[in-house]
Structures are given as C-alpha cells and as structure tokens.
Amino acid sequence: MTEGVIAAWHKKVGDPVKKGELLAEVETDKATMDLESYKDGTLLYTGTDKGGKIQVNDLLAIIGAPGEDISSLVKGGGAAAAPAKAAANTATAAPTAAPDPTKTAAAAKAASGGLDLSKQEEVILMPRLSDTMTEGVIADWHKKVGDPVKKGDILADIETDKATMELESYKEGKLLYIGAQKGEKIAVNDLLAVIGDEKKVNLDSIVAASKNKGGVATVGEPAGAAAASQAETAGATAAGDNGHSGLSVSADGRIKASPLARKLAAEKGIDISKVPGSGDNGRIVKKDVDSYTPAAASASGGASQPAQAGKPVTAAPSGQVSYEDVPVSQMRKVIAKRLAESKFTAPHFYITMTIDMDNAVEARGKLNEVSPVKISFNDLVLKAVAVALKQHPAINSSWMGDKIRVNHHVNIGVAVAIEDGLLVPVVRFADTKSLSQIGAEVKDLAQRAKNKKLQPADWEGSTFTISNMGMFGVDEFTAIINPPDACILAVSSIQQIPVVKKGAVVPGNVMKLTLSCDHRVVDGATGSAFLQTVKSLLEEPLRMMI
C-alpha cells in the first residue's frame, strides 16, 4: 500500500469522537478497511473528502479539544508538522506496509511525458485484490462507456486467482474509458477505467500514458444492448433461484453488498443473502443490516442454488484425433506457479503413520448425540493437529528465507476443492476452539469457498495446512507444502481391515496420515514426534478435550 482512498467518513468535522469509534472506511490496494479512532476528542480536521486519495503517512485527520489551534498542523501537512503535537492530536494513514516492487508508484508512471497515472483523480488502476494477484480478468462490466457513475456503484466483477470480487467506484462522474473488455486480462496497476467530466479530462493523454507504460490500452466500446439484456435476464434468474431480491443479486448469483455491511452481518450472525438492499441497484448497505430483523425476512428465502447442469460432451468419431484447448484460469495459474515453486524449492520429505481409529469412530458418534453441529472426522483431525502443534512449535513454523519464524499462534489452513481449483481458508487460533466451533467454522468456510465468497482475510496467515481426501476413498497420498508453511498433513480414508488385537485377528478401522515436511525447517525426528502425538490424540480422543 502506497496510498488509500476514503470510501466513507463516519464522522464529520465538529463531531465528538470516542476511542474505538469508526472514523472512516479506507480502500487500500487489497480491501476496504475500517479505520477506528485511537483517541477521544472532537474531529477538528479531515485531510480529504470522501472519494479522495491520500498517501501513506499523510495527514488524514486531527482529533483534539474544541476550539484548539490546529493551523500549524494543517500547514505542516501531517508528516512535517511538529512531531510531539502530531503524535498527540493527529491520526495519520496506515503505516507503510512491507515494500512490494509490483506496487511502487513507478509502476503506474508513464514513460512518455512523465504522467503519473496513480495521481490522476479521474483514473482507476487495476487494484491488487489478493496477496498473490498479478493480473485479473474482467468477469463482467456493470457500467458501459458513457454511463453516469456514483460513489459506491459496482463498476465491474473481477476474477482474481482466488475469487471473483466486486469493484466499487470511489468517485462520481461519467465512465469515459475502460481498459479491458469482458473476458480480457489486465495487470495490476494498469489502467482499468477513467471516470470524470469529459470536458475537463484529457483522455487522450491518459490513454497514451497507459500505452507507453505497456499496460492494456484498448479503448472500451459500449456494451451492446443484447448483452446488457442478457446480463439482466441472468441476474433475474439467479435471484429467483436463491430466493433473494433480484436487485441485490449480480448476474452470477452473488449478493451485492458493501464490505462494511458484510462485516456487520457476519458479526451479528445474519445471513447477508436474506437482507433486502436499499442502496444503488438494490445494493445492501450498513443501514439495511442495522435495521434487519429475521422476522421481516421472506419465508421463501434461503433456497440454495441448484447445481448447474454440466455441458454435454461430444464423442469423437472413431479413429479421429480430437481435443479441446481450455484457457487457464487465474486460479489455476497461481496454483501452478506456487506449488511448482514449493515442490522445486523446498526439499520435501514424507512420514506416514497408520492410526487406529476405533476409539475415534466411537467417540464421534457420542459427540454428535450432544453437539449442536455435526462433527466430522476431519474436525477431529484438525483439533488433534492444533493440540499437537502447541506441543511441537518447530512444526508450526514458516520458512522466511533468511530466518525461520516460529509461530506461537495456531492457524490451520483447510484445503477445499472447488470447480476451478483449490482454496485454503484458515481456521484461526484453532487450538483455543472446541470441536463444535471448529466444525461450524470449517463448514462455513468451505461453503463460502465453493460460492467464491471468501475475502482475502479468510485465506491469509496459515501456519499449517491439512489436505483431506478421505471422502474420495483414497488409501494414501502425499501433499505439496503450502508456502511459507513448513508442513502439510495428508489425510486418507478410514478403512476396515483385519488387525491383530490381543493376539486375535479382528476387524479394525485404520487411517493413514502422511506428513510432508520442508527439510530446511523440520528434521525427520521432529516430524516423527509430531505425528506420534497426533496418533496418540486420535487413538485416545478424550486426551484432546483436556
């Protein structure tokens, strides 16, 4: 992050402010974040209006006593103001993040004429919507060239390597230019759109600067009437399928809601798909969530979307070579890149143990008699791993290049297969959660992953990963480490086979676990000791309840 855009102010100059109150929503290069006040007082000054850009460490706001003289702070611009006073009375933009060469200001500066696109008020550059995103695909445009645009309007749906995300406009005006058509790729920080007054904007110079930079520079044409009609029809159909008002549903069935509305709904345990929207085009905003009561929801809502019928496969004529070239999706590209880097950079070694699951099978049945959420075998494995990681911190480590980071918190990534590839949402602080809490969270994350509704915070920050293919009847497999984690656990199916117990051959439930380890971080003895702990916890499940 080098700059932010004020998506909304929740306080105006003159308003009293308390510590912890929401001051503003700031749109960064990855997401729209809430900015809370960390002091009490009165809001005396704001550094920019809603929709305005502000650089990291520039003066964002001043909070102090009513009538206080702030002229020296305002003239100093925040960073140059008296340090002591600024520390007491000013709130600056978020601290500078770790340097990222792909997001430097130079990346947006044109080679011709020195025009810096990142500083043009009318310019919208392709944002970085996930930590691994280098380019995006325009899944759909909600506005066409010539359309009026308001702050908060949905401009486009952008397919990243991990999800399809809505891009909101943070400025008002007319859409004068689009940098890529539906289905086309556009790199991060390339020119995506121009919004403003056509009489005041020198569109030719902006487009020329974008071309000289080497970014996408195809002048967008207005979408055809037939295409628009098609999108509207698809949106109405999707809305009918999921029981939600058509105005709040995009063409692919996703709910149109502001980031703050989604956050509030999650905090209150409200299903966002049931909330009627009052914003532009039926978009769900904060006040809709605040005023929503379950009793007011339609009884017909909440029907799940039916699975789409697969495309019929045409059989090739006998004796004739036939194939189809399928474009590589953004998600598949990143999976290929990251896992190839992991496999050929991290020296993998593997440890396999066989687990006696008789007691786990019995314990799960008893737990599900009283648990509010159905507990799966995967939940039992996740809980056992979380407990074991606290006892073996070397396994809960990350390779950072010039150092090894030993994590004191336990964030476990759970691999979820979706149609386009693989996502790894994270169960945070798993060691502190009960089995029923883990079960509910994993089910929610998996469902949102399959619906492409995960946010960046849902898949970032894992310290260990579990990949379970037991539901597919897999006997045994090895998994590729998810960097920067040091290990990943491959979980196979539970099988009934003859086993020897007390000198007799009896039927038994067994499961194989295979731990993939990065030898730069973990040695064989360390990995074996960790698996022995997991084995003991699964074979005597009561031990993980302590």
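Predicted model: local features only at pLDDT ≥ 70, side-chain atom pairs only at ≥ 80, totals over all residues.
1. Four strands make up an open sheet, in the order β13-β12-β10-β15, and the pairing is antiparallel. The edges are taken by β13 (164-168) and β15 (185-187); each has a single partner strand, so one side of each has no neighbour in the sheet. On average, neighbouring strands here are turned by 40° against each other, ignoring direction.

2. Now the pairing between β10 and β12. Strand β10 covers residues 135-141 and strand β12 covers residues 154-159, and the two run antiparallel with four bridges between them.

3. Elsewhere, threonine 514 deserves a point. You'll find threonine 514 in strand β26, which spans residues 504-518. Is threonine 514 buried or exposed? Its relative accessibility is 1%, and the cut-off for buried is under 20%, so threonine 514 counts as buried.

4. Who surrounds that threonine? Neighbours within four places in sequence aside, threonine 514 is in contact with Tyr350, Ile351 and Thr352, with Glu476, Phe477 and Thr478, and with Ile488, Leu489 and Ala490. With threonine 352 there is also a polar contact, side chain to side chain, at 2.9 Å.

Notes: Residues numbered from 1 in each chain as written. Heavy atoms only, no water. Pairing = 2+ DSSP bridges. Axes fitted to C-alpha atoms, helices over the stretch in contact; angles between N-to-C directions. Buried < 20%, exposed > 50% of the residue type's maximum accessible area, 1.4 Å probe, protein only. Polar contact = N/O pair within 3.5 Å; in protein donor to acceptor, adjacent residues only side chain to side chain. Contact = heavy atoms within 4.5 Å.
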